[in-house]
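I am opening a notebook page on a structure that I have not looked at before. My entries below follow the order in which I looked things up.

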Amino acid sequence: MSSHPNIISSSLIFFLMGVPGLEAAHALAKEEEAAHAWISIPFCCFYTTALSGNGIILFVIITESSLHEPMYYLISLLSTTDLGLCVSTLVTMLGIFWFNARQISFHAYVVQTFFIQLFTVMESSVLLAMAFDCFIAICNSLRYTTILTYSRIAQVWFAILVWGTVILMPLVLLLKRLSCQSHVLHNSYCFHPDVIQPSCSDNKINSVLKLFALIVTTRVDSIFILLSYILIIKTILSIASPERHKAFSTFLSHIGAVAIFYIPLISLCSVHRFGERVLLYVHTLITNMYLLILPVMNLIIYSVKTKQIRRAITKVLFSRVSEV
């Protein structure tokens, strides 16, 4: 450690445990490595599905001119954030399960923590932008193309990126002020609450900033999303029956994406805040699966439920096969 007792040394090494509890269940090192190898199989399936599926959606939206519309551009932003979440945890998670590489430097810890939180905040903001898109499409359809122009979508993407960076940068930089008795992280990746723990000194500022960042991002986003839903439902109930089914279909897809994001996030926060008696490996499995299920479920919702994207994917895949 450095000469200042309240500052983390840049040469500090953290130790990632992977899935805590395996050491107790498997006393021998070889048995533990075998257990990690078996656990890695479903994780690899999730990673492969999320990376390839979201990559295909991005490729299809970029190459198919029929999908060059605001709604599909927003879906591409959602796929981009999902890819970012996957890539942010890929190296450390598979490194533990495949190569038993558990050590991570402090700088690598800070970088991974920042990007995981950044893409989580961006996901919430993209969902808010998609809720606004759905609101305009249903409640003010005549002005849809004039309100949501291509340049405005680009501005929204840039604003989301800057907003997330500005909110999270002080929180991540203040990690250097902490002095932790334990350098063991009970996850397969760098999870911020693992360092902000009772064994850390001077963590009040970090805790306050974390709460502030949570309120001004996901909490505010969820409030505006809820308000847009109320207005959308009110409008849908007032339109004619033939158009009501189509409007509800578009609306339900977005509700699914929002529920997949917020319900696990609330569960994750509740477990870490009030689940002191929950087994440690349960905490870890919830955090790991949250970041993997989210990209896969968004992929299923927008590739299966959205007919235009489904047709475009089929067209691209079959055209590539026929060329081969």
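In which sense do strand 1 and strand 2 pair, and over how many bridges? I found that strand 1 and strand 2 (residues 103-105) pair in the antiparallel sense over 3 bridges, where strands are DSSP runs of E with at least two residues and helices are DSSP runs of H or I with at least four, numbered from the N terminus, and where two strands pair if DSSP finds at least two bridges between them.

Before going further I noted that this is a predicted model, in which local features need pLDDT of at least 70 and side-chain atom pairs count only at pLDDT 80 or more, while totals for chains, interfaces and linings use all residues. I also noted that residues are numbered from 1 along each chain as its sequence is written, and that side-chain values use heavy atoms, with hydrogens and water left out.

Entry on the whole protein. I counted 10 helices and 5 strands in the secondary structure. Of the 324 residues, 45% count as buried, which is to say under 20% relative accessible area, with exposed meaning over 50% and partly exposed in between (1.4 Å probe, protein chains only).

Entry on the sheet. I looked next at strand 4 (residues 184-185), which runs parallel to strand 1 and is joined to strand 1 by 2 bridges. The 3 strands form an open sheet in the order 2-1-4, with mixed pairing, and strand 2 and strand 4 are the edge strands, each pairing on one side only. Leu16 stands opposite Leu185 in strand 4.

Entry on helix 4. This helix lies across strand 1, strand 2 and strand 4, and runs at about 85 degrees to strand 2; angles are taken from 0 to 180 degrees between N-to-C directions, with axes fitted to C-alpha atoms, for helices over the stretch in contact. I picked out His107, which lies in helix 4 and counts as partly exposed because its relative accessibility is 45%. The C-alpha atoms of His107 and Leu12 are 8.6 Å from each other, although the two are 95 residues apart along the chain.

Entry on the helix pair. How do helix 3 and helix 4 pack? Helix 3 (residues 70-99) packs with helix 4 (residues 106-139) at an angle of about 165 degrees, their axes being 9 Å apart, which makes the two roughly antiparallel. The residues of their contact (heavy atoms within 4.5 Å) divide into 15 nonpolar, 7 polar and 3 charged.

Entry on Asp82. I ended with Asp82, which lies in helix 3 and counts as buried because its relative accessibility is 0%. Apart from neighbours within four places in sequence, Asp82 is in contact with Asn54, Glu123, Leu294, Pro295 and Asn298. For Asp82 and Glu123, 41 residues apart along the chain, I noted a C-alpha separation of 7.6 Å.

Conventions. Angles under 35 degrees count as roughly parallel, over 145 as roughly antiparallel, 65 to 115 as roughly perpendicular and the rest as oblique. Ala, Val, Leu, Ile, Met, Phe, Trp, Tyr, Cys and Pro count as nonpolar, Asp, Glu, Lys and Arg as charged, and the others, Gly among them, as polar.
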